[in-house]
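Subject: Structure for you to look at

Hi,

Here is the structure I promised to pass on. Please open it next to this email and follow along.

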Amino acid sequence: MSDAAQPTAAEVRAAAEAVKTALDRHLAAVERRSGEDDPAVYEAFNQLAAAAEVYDELLYDRYDEVTPFEIPGTEDALPPYTGPEEPNALSVLIRRDYAVGEPQRLLAQAQRIESADGENGPAASGTIHGALGLLFGEFEPDEIASRHKEFGLEEGDSTLWVTAAEEPADPGEWLEAPFEQVDPQSVVCRFDVSAVFDDEIGIDDDDDDDAEELEEDLDTDLDEDEDLEPLDADRR
């Protein structure tokens, strides 16, 4: 970065003061919190995170230094629930991602479906998108999820959101844009599945494997010791 584009020392100092102010506001919000999911605490946390991020960037640009703080990202986090206390309706939103890992297997399954239906029209099983249409038209999504390998699919990330509402939606009300009117603050719970989580667990699995190998080595050493002749108590 050129000197002309670098922030001034005064700008860095001002950013540091903004962090101090945000810290005071966050502490005050925590001290006055009205419950576990107090919106004021949530807002103060976001303000503190934003101020700290600005300060960290300016500090690095000016002095090539960083702070030791790491604030969890909030972009993907859900805000506190502010929906109805006693909801009379709920919506379940599901997204499951797949990769077409074995196109030929997918096409073969679609051809079986088409043959069983005995349709005489143009074959839809000759293309990937046509085969997918046949597959999801024949089987329930949960069955496809449990048998995805049979259909030549590879699982990706998935998520399930449960949202609450005062009243059920009118028939056909949201069909044109089913996922565009979701209020994050009405989400009761959310469940995510991702390979990212598997990778994190894999670190622990590696540690467990190392521990098992160590135990096997110890067992082998003990077995070898058992083959040794006992010491003669009279031998000096």
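The chain exposes about 17,900 Å², and carbon and sulfur atoms supply 50% of that area. Accessible areas come from the Shrake-Rupley method with a 1.4 Å probe, and for residues only the protein chains shown count as cover. Buried residues make up 20% of the 236 residues in the chain. Buried means under 20% relative accessible area; exposed means over 50%, and partly exposed is in between (1.4 Å probe, protein chains only).

A word on the source. This is a predicted model, where local features need pLDDT of at least 70, side-chain atom pairs count only at pLDDT 80 or more, and totals for chains, interfaces and linings use all residues. Residues are numbered from 1 along each chain as its sequence is written, and side-chain values use heavy atoms, with hydrogens and water left out.

Now the layout. The chain has six helices and three strands. Both are DSSP runs numbered from the N terminus: helices are H or I with at least four residues, strands are E with at least two. From the N terminus, the order is α-α-β-α-α-α-β-β-α. Among contacts with a separation of 6 or more, 71% join residues 24 or more positions apart. Contact means heavy atoms within 4.5 Å.

Start with helix 1 (residues 9-31) and helix 2 (residues 39-63). Their axes come within 8 Å and cross at roughly 160°. Axes are lines fitted to C-alpha atoms, for helices over the stretch in contact, and angles run from 0 to 180 degrees between N-to-C directions. So helix 1 is roughly antiparallel to helix 2 (over 145 degrees; under 35 is roughly parallel, 65 to 115 roughly perpendicular, the rest oblique). Their contact has 22 nonpolar, two polar and three charged residues. Ala, Val, Leu, Ile, Met, Phe, Trp, Tyr, Cys and Pro count as nonpolar, Asp, Glu, Lys and Arg as charged, and the others, Gly among them, as polar.

Next, helix 3 (residues 103-117) and helix 4 (residues 128-138). They pack at about 55°, with axes 9 Å apart. They are therefore oblique to each other. By class, the contact has ten nonpolar, no polar and three charged residues.

Last, find Ser 186. It lies in the loop between strand 2 (153-165) and strand 3 (187-193). Is Ser 186 buried or exposed? Ser 186 is buried, with a relative accessible area of 11%. Leaving aside neighbours within four places in sequence, Ser 186 is in contact with Tyr 81, Val 162, Thr 163 and Ala 164.

Best wishes
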